[in-house]
Amino acid sequence: MSTAKELIIDRVNNMSDDMDENQMIDRLYMLSRLEHSRKRCQEEGTIKDSELDEHFKEKRRQYAGV
């Protein structure tokens with residue numbers, strides 16, 4: 001298994017040479033968040049579109065009552 005440092009170095013080595021440091025940092029952050037989301041989906045599962053719709057309907061009802 002790769003260490004975090006090795007993973008970051010590999011990701012940086014696969015980036016385009018014309019990216020500036022801010023673009024590289026943004027890309028590393030995005031890749032990190034995507035990996036976190038992928039792992040979370042594997043561990044916790046995903047929800048159906050209908051469940052997501054109901055979740056946000058409930059949020060809208062809560063905020064409308066405020």
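## Terms and basis

Patches are made of residues with over 30% relative accessible area and no salt bridge; like charges are joined within 9 Å, nonpolar side chains (Val, Leu, Ile, Met, Phe, Trp, Tyr) within 5 Å. A salt bridge is a side-chain nitrogen of Lys or Arg within 4 Å of a carboxyl oxygen of Asp or Glu.

This is a predicted model: local features need pLDDT of at least 70, side-chain atom pairs count only at pLDDT 80 or more, and totals for chains, interfaces and linings use all residues. Residues are numbered from 1 along each chain as its sequence is written, and side-chain values use heavy atoms, leaving out hydrogens and water.

## Overall build

The protein has three helices and zero strands (DSSP runs: helices H or I, at least four residues; strands E, at least two; numbered from the N terminus). The order from the N terminus is α-α-α. The radius of gyration, taken over C-alpha atoms, is 18 Å, well over the 11 Å that the globule rule gives for 66 residues, so the protein is more spread out than a compact globule. That rule is 2.2 Å times the number of residues to the power 0.38. The C-alpha trace spans about 50 × 30 × 20 Å along its principal axes.

## Surface and patch

Of the 66 residues, 3% are buried (under 20% relative accessible area; exposed is over 50%, partly exposed in between; 1.4 Å probe, protein chains only).

Ile47, Leu52 and Phe56 make a nonpolar surface patch of about 290 Å² (Shrake-Rupley method, 1.4 Å probe; for residues, only the protein chains shown count as cover). Ile47 sits in the loop between α2 (21–44) and α3 (49–64). Ile47 is exposed, at 54% relative accessible area.
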